[in-house]
Amino acid sequence: MSLTPIGEPRHKISVATLREKKLQHTPITCLTAYDYASARLVDEAGIDIVLVGDSLAMTMLGYENTLSVTVDEMLHHAKAVRRGVKNAFLVVDMPYGSYHLSADEAVRNAARFIKEAGAEAVKVEGGEKRAELIRQIIDAEIPVTGHIGLTPQSVNVMGGYKVQGKSLSAIEQLMRDAVALDRAGVACIYLEGIPREVAAMITAEVQTPTIGIGAGPECDGQVLVFHDILNLTFGPAAKFVRRYADAAALITEAVQSFRADVVSHQYPADHESYHLPKETQAALNTVLDRKRAMRR
């Protein structure tokens, strides 16, 4: 397996690309992004899928969980991400309440993400019970990605963020969920917070690519939250989160240095300031000299 060297042209990632990667056993990479800057950085780094996750509720908007974020808030961020993404496959989460009340409303909201934000797929949480709804969205020419296991929008029903699929009956349900999504025609299936062994079984069973988050290395791909890998979150990290940089420390140091320089009159320096042209300065000096003379 070889990575495309940085700076060389990349091919646009599509649903077909993702399925080809599964067939070739080429790992799929996915990261979240919530604004233009992070989207550009993630896309230009060669990530396959950019996910505008409803996790922006917490990482960007400061909500306690994902349940409060609205369709309009998701659209606002998705539009910014779209402007930063050129090659990655762009997926947007359908937030809580946007597909739970009726199929017509679900299709209407999904269409907004495609039409208004330029998304290439929407993500819907749930397995068997969402399969028929997902078919209806796909029938409207809107690609869908599935999400099973620990589904954050069900946090109140689950009683917290707990690993799913730990009993035989729970494993059987997860398998049914995965097969139902596979048959419904989803572009990929996100597996969150389930035992590695179960994720491996699902990945081997379905033709659809699986993307793991806290589901072990046997998945066809992996996703993490942009802010998590950079230590830009303000709580304890989940077991599966790997920190790749400490941006929080870097930003804090930079902000503190800026403050110190301003307070000590070291910023801005002369070379960081704009100056009048010599002729204008000379004319201004003449005017000032006259005013000073008149005051005497």
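Start by selecting helix α4 (residues 71-84) and helix α5 (residues 103-115), which pack at an angle of about 20° with their axes 10 Å apart. The model on screen is a predicted one. Angles under 35 degrees count as roughly parallel, and α4 and α5 are therefore roughly parallel to each other.

On the α4 side, pick V71, D72, M74 and L75; on the α5 side, pick N109, R112 and F113. Sorted by class, this contact has 4 nonpolar, 1 polar and 2 charged residues.

Now move to helix α2, residues 36-44. Which of its residues are buried? Select S38, A39, V42 and D43. Look down the axis of α2: these buried residues fall within an arc of 125°, so they line one face of the helix. An α-helix has 3.6 residues a turn, so residues three or four places apart point the same way.

Then find G46, which follows α2 and has a positive phi, near 95°.

The last stop is H227, in helix α10. Is H227 buried or exposed? The cut-off for buried is under 20% relative accessible area; H227 has 10%, so H227 is buried. Setting aside neighbours within four places in sequence, select what H227 is in contact with: Y34, T59, M60, L232, T233 and R243.

Conventions: Residues are numbered from 1 along each chain as its sequence is written. This is a predicted model: local features need pLDDT of at least 70, side-chain atom pairs count only at pLDDT 80 or more; totals for chains, interfaces and linings use all residues. Side-chain values use heavy atoms; hydrogens and water are left out. Axes are lines fitted to C-alpha atoms, for helices over the stretch in contact, and angles run from 0 to 180 degrees between N-to-C directions. Helices (H or I, at least four residues) and strands (E, at least two) are DSSP runs, numbered from the N terminus. Angles under 35 degrees count as roughly parallel, over 145 as roughly antiparallel, 65 to 115 as roughly perpendicular and the rest as oblique. Contact means heavy atoms within 4.5 Å. Ala, Val, Leu, Ile, Met, Phe, Trp, Tyr, Cys and Pro count as nonpolar, Asp, Glu, Lys and Arg as charged, and the others, Gly among them, as polar. Buried means under 20% relative accessible area, exposed over 50%, partly exposed in between (1.4 Å probe, protein chains only). The arc is that of the directions from the helix axis to the C-beta atoms.
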